[in-house]
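Dear colleague,

I am passing on the structure below, together with my notes on what turned up in it. Please read the notes alongside the coordinates.

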Amino acid sequence: MDHAEENEILAATQRYYVERPIFSHPVLQERLHQKDKIPDSIGDKLKQAFTCTPKKIRNIIYMFLPITKWLPAYKFKEYVLGDLVSGISTGVLQLPQGLAFAMLAAVPPIFGLYSSFYPVIMYCFFGTSRHISIGPFAVISLMIGGVAVRLVPDDIVIPGGVNATNGTEARDALRVKVAMSVTLLSGIIQFCLGVCRFGFVAIYLTEPLVRGFTTAAAVHVFTSMLKYLFGVKTKRHSGIFSVVYSTVAVLQNVKNLNVCSLGVGLMVFGLLLGGKEFNERFKEKLPAPIPLEFFAVVMGTGISAGFNLKESYNVDVVGTLPLGLLPPANPDTSLFHLVYVDAIAIAIVGFSVTISMAKTLANKHGYQVDGNQVKIIIFLQMFHSRGRAQWLTSTIWLTTFVSSLFLGLDYGLITAVIIALLTVIYRTQR
């Protein structure tokens, strides 16, 4: 018998014996609630709060500039290929998406590209989610467009508008001013909420609430793009029951649909959906996901230009875009008193949409995001998937989905949070 076999036999025959006292429930509760140390005095707390240490400075820098924490630990060889492909795909996708969402916001399409360029640069330094891309979002664009159209309607009379072209340009310029004012005010509100650590409300964005909210948001996006997919002209709808009004308006004009526009849209949709399934099925064999968004944009643009869809088939195109970036301009703060209610709603919905997506991805990939960067605590799990808690989960999801779908994302979110708080109170009492 060699030495290795003797060690194995010895390890198999040895045992550990542990002795510990038996605790009753009162004794255990008393031990758990014992205070191990005397609390610090107020003077000690103030001294600790105003003491400047390298660790405290580093934590403050990490809090305000998360890039200083993750960038030095970035594994270049492991991450760069996937990040490069994702960056190209996301960047290319932002081009048509930004143009389309600018039209939803009732501003010239070029402003969608501006909105796609600046936010991602800022979020690179200040953001805590590793997977979301900040930029134009359909629902927020619709809300901004509703404000712009309300204050600057289509039939407004512009002084000095000599012809239709000049009148349209002057009207669009006024709408840009409105959009700039409401977005600036929304950003100021979000910044103030972040300074006040208002991100704690994300604790109450439970998983069923988040899923119901994002599902309703997807329906809003789908219905808002129907008229562009079918190539029909309909009136803009926003607010309560806007999903119903938009869908009915499209169905009423379906006899005027543009078959070519529908065909191009379905072709691109099929390419993206099939590409997603392909990447998911063969992700173990592919060195990096195939950027189907890039091919969709190139193919769609090539077909439009090659077959002259605008002239031959009356398919709407974006048209000529001005080159370069516009110089910075001061927003019109005199409009704040007209848009502050909408700015509050947009700030809350924008935060909720972003933190909902970020939270879903963070739960999936095992990290945390900070809701005050727009501290979020992952809510592990209040609701289980069986028994009495199952109907609570279903109630929260269904209530969130229905209220966000028909009341709009702003009122729907408020309703959903109230329902979620009531379920917490109910479970506490039970």
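The model is a predicted one, in which local features need pLDDT of at least 70 and side-chain atom pairs count only at pLDDT 80 or more, while totals for chains, interfaces and linings use all residues. Residues are numbered from 1 along each chain as its sequence is written, and side-chain values use heavy atoms, with hydrogens and water left out.

Salt bridges

Lys-233 forms a salt bridge with Asp-316, the closest N and O atoms being 2.9 Å apart; the term stands for a side-chain nitrogen of Lys or Arg within 4 Å of a carboxyl oxygen of Asp or Glu. This pair links distant parts of the chain, with Asp-316 in the loop between α14 and α15 and Lys-233 in the loop between α10 (207–230) and α11 (242–252), 83 residues apart. The helices are DSSP runs of H or I with at least four residues, numbered from the N terminus. Asp-316 itself is partly exposed, with a relative accessible area of 47%.

How many salt bridges does a search of the whole structure find? The search finds four, and another of them joins Arg-150 to Asp-342, whose closest N and O atoms are 3.1 Å apart. Here too the pair links distant parts of the chain, since Arg-150 lies in helix α8 (residues 138–151) and Asp-342 in helix α15, 192 residues apart. Arg-150 counts as partly exposed, at 44% relative accessibility. A salt bridge is also formed by Arg-171 and Asp-172, with 3.2 Å between the closest N and O atoms, and both of these residues are buried.

The contact of α8 with α10

Two packed helices are described by the angle between their axes and the distance between the axes. The axes of α8 and α10 come within 9 Å and cross at roughly 60°, where axes are lines fitted to C-alpha atoms, for helices over the stretch in contact, and angles run from 0 to 180 degrees between N-to-C directions. The crossing of these helices is left-handed, in the sense that the near helix is turned anticlockwise from the far one by less than a right angle. On the α8 side the contact is made by Ala-138, Val-139 and Leu-142, and on the α10 side by Ala-217, His-220, Val-221 and Ser-224, contact meaning heavy atoms within 4.5 Å. By class, there are five nonpolar, two polar and no charged residues in it; Ala, Val, Leu, Ile, Met, Phe, Trp, Tyr, Cys and Pro count as nonpolar, Asp, Glu, Lys and Arg as charged, and the others, Gly among them, as polar.

Ser-242 has its place in helix α11 and is buried, at 10% relative accessibility.

Other residues to look at

Phe-241, in the loop between α10 and α11, has a positive phi of about 60° although it is not a glycine, and is partly exposed at 39% relative accessibility. A positive phi of about 60° is likewise found at Asn-314, also not a glycine, which lies in the loop between α14 and α15 and is exposed, with a relative accessible area of 54%.

In helix α13 (residues 292–306), Ala-296 is buried at 7% relative accessibility. Leaving aside neighbours within four places in sequence, Ala-296 is in contact with Val-268, Leu-271 and Leu-272.

Confidence

The mean pLDDT of the protein is 78, and 85% of its residues reach 70 or more, pLDDT being the predictor's confidence in each residue, from 0 to 100. Confidence is lowest in helix α1 (residues 3–13), at a mean of 60, and highest in helix α5 (residues 67–70), at 87. Over residues 374–379 pLDDT stays under 50, and the model has 20 contacts beyond four places in sequence for them; over residues 381–387 pLDDT also stays under 50, with 15 such contacts. Where pLDDT is low, the predicted coordinates should not be read in detail.

With best regards

How values were computed: Helix = DSSP H or I, 4+ residues; strand = E, 2+ residues; numbered from the N terminus. Buried < 20%, exposed > 50% of the residue type's maximum accessible area, 1.4 Å probe, protein only.
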